[in-house]
Amino acid sequence: AGAWDFRSAANTLEALPPPEGIEIALAGRSNVGKSSLINALTNRNALARTSHTPGRTQELIFFTGKTPLTLVDMPGYGYAAVSDKKVKAWTRLIHDYLRGRVNLARVFVLIDARHGLKTTDDAVLKTLDQAAVVYQIVLTKADEVKAAELERRVAETKEKISRRPAAFPELIVTSSREGTGMDVLRSTIAQILAE
Ligand code: GTP
Ligand code: MG
């Protein structure tokens, strides 16, 4: 914990920092809570910039700590309150990064617990499956749904990813607002670092 810092930002493939150590990236639709999860995970209020308006994170943002781990906040895909041109550029960058990053150890694909997997998520899952990059679904905003609905969403999501080759079978349920699931996320990350 502690000592997390902004390292760099990139809005093109050429601007990526050289791959060092191990990277874990957070991907997901706009507004799903990627930046908020980085803050909750690192115990920082404003390390990553968040907003209620979709389209806040507009570059790949690299955060480094004391460990060999780099956390990567990503622009969202799907709807964003910005131009189509920007969304297209981000989507391309996201796919290029996910496909080609040599030190990418896992991708947490964030899914809003209220909405579940959407068709816009499929393209990213497909890219990760084809590149054989292991990804794990993280349900976000669990505080917004009742326990029974959450249970249904977990079962339904597990079923949907069950035949996807690079999907990690276990889901992680989180709420950045309430701190739910941060212990599980941290131990998952510790395991990845130990591999
Ligand atoms: P982009 O950068 O635009 O793609 O969004 P993002 O995925 O980084 O989402 P961000 O962290 O900026 O959060 C979007 C909105 O969701 C903000 O209004 C957050 O306060 C809210 N939010 C994030 N996490 C939670 C959560 O666990 N529970 C609830 N209720 N709201 C959350
Ligand atoms: Mg963001």
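1. Helix α3 and its length. In this predicted model, helix α3 covers residues 119-131. At 1.5 Å a residue, its 13 residues should span 18 Å. The end C-alpha atoms are 19 Å apart, which agrees with that expectation.

2. The buried side of α3. Which residues of α3 are buried? They are Asp121, Val124, Leu125, Thr127 and Leu128. Viewed down the axis of α3, the buried residues fall within an arc of 155°, so they line one face of the helix. Their packing partners are β2 (22-28), α2 (84-100), β5 (104-112) and β6 (135-140).

3. The other side of α3, and what follows. Thr119, Asp122 and Gln130 are exposed. They sit on the face of α3 turned away from its buried side. After α3 comes alanine 132. Its phi is positive, near 55°.

4. Asparagine 31. This residue is not a glycine, yet its phi is positive, at about 75°. It lies in the loop between β2 and α1. Is asparagine 31 buried or exposed? It has 24 other C-beta atoms within 10 Å. A residue counts as buried at 20 or more, so asparagine 31 is buried.

5. Lysine 141. Here too the phi value is positive in a residue other than glycine, near 60°. Lysine 141 belongs to the loop between β6 and α4 (147-161). With 22 other C-beta atoms within 10 Å, lysine 141 is buried.

6. The shell around ligand 1. There are 24 residues around ligand 1. Which of them come nearest? Ser35, Ser36, Thr50, Thr57 and Gly76 do. By class, the shell holds three nonpolar, 15 polar and six charged residues. Helix α1 (residues 34-42) supplies the largest share of the shell, with three residues.

7. UniProt lists residues 20-195 as "domain: EngB-type G", in an unreviewed entry. In the model, the end C-alpha atoms of this span lie 16 Å apart. The span is 38% helix and 19% strand.

8. Points to check on screen. Start with α3: find the buried residues, including Val124 and Leu128, then turn to the exposed face with Thr119, Asp122 and Gln130. Next, look at the positive phi values of asparagine 31, alanine 132 and lysine 141. Finish at ligand 1, where Ser35 and Ser36 are among the nearest residues.

How values were computed:
Residues numbered from 1 in each chain as written. Chains lettered and ligands numbered in written order. Predicted model: local features only at pLDDT ≥ 70, side-chain atom pairs only at ≥ 80, totals over all residues. Near = placed C-beta within 6 Å. Helix = DSSP H or I, 4+ residues; strand = E, 2+ residues; numbered from the N terminus. Nonpolar A, V, L, I, M, F, W, Y, C, P; charged D, E, K, R; others polar. Expected span 1.5 Å × (residues − 1). Buried ≥ 20, exposed ≤ 12 C-beta atoms within 10 Å, placed from the backbone. Arc of directions from axis to C-beta. Contact = placed C-beta atoms within 7 Å. UniProt positions renumbered as here; feature names shortened; annotations may be inferred.
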